[in-house]
Amino acid sequence: LVPGGTCVAVTNGAQHLRSLRELIERAVGVGTPGWRMRTPTGSAFTVENGAAQLGVAFDEVSCLRPSQASPVVIEDATVAADYVSSLASHYQAQVARPWREVASDVREHVQAVIDTDGSFRTAGDVAAFVCR
């Protein structure tokens, strides 16, 4: 960053895609009871702790966060399954079930909701930190 420049850092919060993560936890729980989905990077840099970390390097840190959760509307269950599949390298070693089965279970559940309600809804939890 050049002197006087501005850094923008974007990250997720603790509630990001919570209802979708609950489906993943339920599917994993079939073979690994009690398993909870932690973010792949743990809590290294989140909405909840980002300002403090950035404050070490910047004099001014502002957090821009929507006043309400951002809706995420899924109308194709394959989109949810593809997202879950993309997480396999982060979580497969932690669980007993093959990750492809987890993704399949999530797809089936999301499809059932779409069939009933027209879409599966979850919510994003994101923020941007503007640092100077």
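Mentor: The questions below take several terms in turn and set each value against its definition.

Mentor: This is a predicted model, in which local features need pLDDT of at least 70 and side-chain atom pairs count only at pLDDT 80 or more, while totals for chains, interfaces and linings use all residues. Residues are numbered from 1 along each chain as its sequence is written, and side-chain values use heavy atoms, with hydrogens and water left out.

Trainee: What makes cysteine 131 count as buried?

Mentor: Buried means under 20% relative accessible area, exposed means over 50%, and partly exposed lies in between (1.4 Å probe, protein chains only). Cysteine 131 has 0% relative accessibility, so it counts as buried. Valine 130 is buried as well, with a relative accessible area of 13%.

Trainee: What does valine 130 touch, not counting residues up to four places away in sequence?

Mentor: Contact means heavy atoms within 4.5 Å. On that basis valine 130 touches Thr6, Cys7, Val8, Glu60, Val61, Ser62 and Leu64. The C-alpha atoms of valine 130 and threonine 6 are separated by 6.9 Å, although the two residues are 124 apart along the chain.

Trainee: How do you know that the length of helix 1 agrees with its number of residues?

Mentor: Helices (H or I, at least four residues) and strands (E, at least two) are DSSP runs, numbered from the N terminus. The expected span of a helix is 1.5 Å times one less than its number of residues. For the 12 residues of helix 1 this gives 16 Å, and the end C-alpha atoms are 16 Å apart, so the two agree.

Trainee: Why is the link between glutamate 22 and arginine 18 called a salt bridge?

Mentor: A salt bridge is a side-chain nitrogen of Lys or Arg within 4 Å of a carboxyl oxygen of Asp or Glu. The closest N and O atoms of glutamate 22 and arginine 18 are 3.5 Å apart, which meets the cut-off of 4 Å. Both residues lie in helix 1, 4 residues apart, about one turn of the helix.

Trainee: What does the salt bridge between arginine 36 and glutamate 25 tie together?

Mentor: The closest N and O atoms of this pair are 3.8 Å apart. Arginine 36 lies in the loop between helix 1 and helix 2 and glutamate 25 in helix 1, so the pair ties together parts 11 residues apart in sequence. Arg18, Glu22, Glu25 and Arg36 are linked in a network of salt bridges.

Trainee: Why does arginine 21 have no salt bridge?

Mentor: Lys and Arg count as positive and Asp and Glu as negative, while His and the chain ends are not counted. The nearest side chain of opposite charge to the buried arginine 21 is glutamate 25, 5.4 Å away. The cut-off for a salt bridge is 4 Å, so none is assigned.

Trainee: What makes the pair of tryptophan 35 and tyrosine 91 edge-to-face?

Mentor: The structure holds 4 aromatic pairs. In this one, tryptophan 35 and tyrosine 91 are 5.6 Å centre to centre, with 85° between the planes. Rings of Phe, Tyr and Trp (its six-membered ring) pair if their centres lie within 6.5 Å; planes under 30 degrees apart count as stacked, over 60 as edge-to-face and the rest as tilted. The pair is therefore edge-to-face.
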